[in-house]
Amino acid sequence: MAVPVANGARPRLSITKGRRTVALRVTRLRRSVLIEIRRCTMDDYNAITAAMDEFWDDDRTLPLHHALLVHEFGDTAFVAAERDRVMAYLFGFLSQINAAGYVHLVAVRDGHRRRGLARKLYGRFAEVASARACQELKAIVIPENTASLAFHSALGFAGGVVPNYSGPGKDRFVLHKPL
Ligand SMILES: CC(C)(COP(=O)(O)OP(=O)(O)OC[C@H]1O[C@@H](n2cnc3c(N)ncnc32)[C@H](O)[C@@H]1OP(=O)(O)O)[C@@H](O)C(=O)NCCC(=O)NCCS
């Protein structure tokens, strides 16, 4: 899927012939920047894990990344790419315990947030989860991540803090959205 998201400016040009400078009127098709939502490749994965700072501000989530998310869960590993450069990604899988599509990781490059990229990735993931008979989407967020909580709330997720969800002292917001 390709989505036009931005336009460029019309160029101005001139040429010099002898001592005369001739202005050229240049008409060019407006430049559309196309965002493609597609499955993640290992090249994409390697580019993502080499740029953790740009996606997460630091590398704290690097241990949550694993190549098996592409090799074994590749049906639910998506990137939003602009001219083949990964701008955002979502790694998910389908729960074996509940009829749920679980979003394991989602991140957008700094400087490209609030363009609807994460929303589009969730949309693609929801399509796959629905087609596989899932009844809800599920995501986990640390209480300090107010941007992520606002994002999930905007998408219709609801839930609350579950004490020690990820181990002793590791409280997490556990969020659900019906499909
Ligand atoms: C959270 C994150 C994935 C959101 O991605 P995004 O592409 O910027 O989100 P979208 O543009 O699709 O936002 C959709 C809606 O969510 C809400 N939203 C998103 N980011 C928000 C923020 N920082 N503050 C308030 N609301 C926000 C808005 O309502 C937004 O719609 P609007 O821009 O029309 O107002 C992104 O901020 C990010 O990558 N953060 C760093 C990594 C991270 O924390 N990942 C989540 C781990 S659980």
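Against which elements do the buried residues of α1 pack? In this predicted model, the buried residues of helix α1 pack against α2 (52-56), α3 (68-71), β5 and β6. Helix α1 spans residues 42-49, and its buried residues are D44, Y45 and I48. These residues cover an arc of only 100° around the axis, which puts them on the same side of α1. An α-helix has 3.6 residues a turn, so residues three or four places apart point the same way. On the other side of α1, M42, D43 and N46 are exposed.

Two of the elements that receive the buried residues of α1 are strands β5 and β6. Strand β5 comprises residues 77-82 and runs antiparallel to β6, to which it is joined by 6 bridges. Within this pairing, F78 has L90 of β6 as its bridge partner. The two strands form a hairpin with 2 residues between them. In the turn of this hairpin, R83 has a positive phi of about 50°.

Strand β6 also pairs with β7, again in the antiparallel sense, over 7 bridges. Here the bridge partner of F91 is L105 in β7. A hairpin is formed by β6 and β7 as well, with 5 residues between the strands.

The shell around the ligand receives at least two residues from each of β7 (100-108), α4 (117-131) and α5 (146-154). Of the elements, α5 gives the most to this shell, with 5 residues. In total, 19 residues surround the ligand, and the closest are R113, A118, R119, A150 and A154. By class, the shell consists of 12 nonpolar, 3 polar and 4 charged residues.

The confidence of the prediction was also examined. The protein chain averages a pLDDT of 89, and 82% of the residues score at least 70. Two segments are among those to be read with this score in mind. Over residues 3-13, pLDDT stays under 50, and the model has 19 contacts beyond four places in sequence for this segment. Over residues 24-31, pLDDT likewise stays under 50, and the model has 11 such contacts beyond four places in sequence.

Note on methods: Residues numbered from 1 in each chain as written. Predicted model: local features only at pLDDT ≥ 70, side-chain atom pairs only at ≥ 80, totals over all residues. Near = placed C-beta within 6 Å. Helix = DSSP H or I, 4+ residues; strand = E, 2+ residues; numbered from the N terminus. Nonpolar A, V, L, I, M, F, W, Y, C, P; charged D, E, K, R; others polar. Pairing = 2+ DSSP bridges. pLDDT = per-residue confidence, 0-100. Contact = placed C-beta atoms within 7 Å. Buried ≥ 20, exposed ≤ 12 C-beta atoms within 10 Å, placed from the backbone. Arc of directions from axis to C-beta.
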